[in-house]
Amino acid sequence: MALQEADLIPIYQHLHQIPELGLEEHETHAYLLSIIAKMPQDLLTIKTIPTLETAILVKVSGKRHDYRIGYRTDIDGLPVTEATGLPFASQHPGKMHACGHDIHMSVALGILSYFAENQPETDMIFMFQPAEENASGGKRLYESGALDAEWLPDEIFAFHDNPDLPAGAIGCRMGTLFAGTCEIHAHLTGKSGHAAFPHNANDMVVAGSALVQQLQTIVSRNVDPIQSGVVTLGHFTAGTIGNVIAGEAQIDGTIRALTQEMNLHIQRRVRTIVEGIALAYDCNIDLDLHQGGYYPVENNDKITADFMAYMKQAADVNFIETRPAMTGEDFGFLIHQIPGTMFWLGVDSPYSLHSEHMVPHTSAIMAGVNAMTGYLTHRNELQK
Ligand SMILES: CC(=O)N[C@@H](CCC[C@H](N)C(=O)O)C(=O)O
């Protein structure tokens, strides 16, 4: 029988205990393979990727082979020290599934196990993808070439869990669901010196502070207020002690925007401001702007209209139309290549994604499996 709640909750709890960072998900990879190996194998073909060791692709053989429906889950955790107090808390110190990818994987296994027993009309491709958080795993998967002629989906689906929605609710919208992001890394180098002789030094605390202040004018002064953008600088370190003028500073942050055009516009403003600060404070600034695969997640109109219409009429689905969010997702890269829909699955937690306290409600798992086996069956039927 396909995996049920009584199977999926222990699977989720085990995955929760073994979080691993992007591209290091070896234990997770082995565990996922062990669960997939227990499913009926007649319809399944498993493909691993030598250049992306922790990824797994599983093809479910449909009645026809001229169309492929893709379903993607991410599998990585975060460098967060868990503070939930759960009996099945992370056993990997300093690492946690604080973004709920353990929920994503459990739902994917539930859906896969259903189709392993209920042959779909068309082929289906399940993607267990590493490194969503930091290393553009979706882009790496696509560029690995593993999604070749026999494995490239014609359409693609994925979800992210959402602590703000009721457990099990499905949230979605037409158009852009998530922002495109771009990491900012700036290393400032000046001349350190004695606190008593500022005229002989070149202070990177002052230059760095000016840089932070100026970067924080981009959204208020350079972004059309009818549109939107985010510049967050979450990390700023400089210097060593109060009576030594700092010769170096490091500032890291992230840009968020709902269109690629706006993201590029903000990137250009960051570059210009950095050049200006380097000139004004007579220092060197190494700037690295890194977008990778974190394009805006732009839902395909036709597929998403069908998805939302289905979810609105499904008797056992609590569907909520949502607003765009400034979270990022490397599914943005995949959906840029392959038309599809990304949606939210509510997990009802008072703590946000990435919080060390975040505990998703596990009733969401079976609700997600049921909603998506129903929808993907409908999607398959459309291909008849
Ligand atoms: C869902 C989620 O939280 N995704 C991450 C994606 C990270 C993007 C990239 N590393 C960056 O920081 O710009 C997020 O932080 O939104």
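I looked up the surface first: the chain exposes about 15900 Å² of accessible surface, 52% of it on carbon and sulfur atoms. I took areas by the Shrake-Rupley method with a 1.4 Å probe. The model is predicted, so I kept local features at pLDDT of at least 70 and side-chain atom pairs at pLDDT 80 or more, while totals use all residues. Residue numbers run from 1 along the chain as its sequence is written, and side-chain values use heavy atoms without hydrogens or water.

Next, burial. I find 55% of the 384 residues buried (under 20% relative accessible area).

Then the fold. I count 10 helices and 16 strands (DSSP runs: H or I, at least four residues; E, at least two). The radius of gyration is 23 Å, close to the 21 Å of the globule rule for 384 residues, so the chain is as compact as a globular protein of that length (C-alpha atoms; rule: 2.2 Å times the number of residues to the power 0.38). The C-alpha trace spans about 75 × 45 × 40 Å along its principal axes.

I checked contacts (heavy atoms within 4.5 Å). Of those between residues at least 6 apart in sequence, 80% join residues at least 24 apart.

Last, threonine 341. I place threonine 341 in strand S16, residues 340-346. It is buried, because its relative accessibility is 0%. Beyond four places in sequence, its contacts include Ile156, Phe157, Cys172, Asn299 and Phe331.

Notes: Buried < 20%, exposed > 50% of the residue type's maximum accessible area, 1.4 Å probe, protein only.
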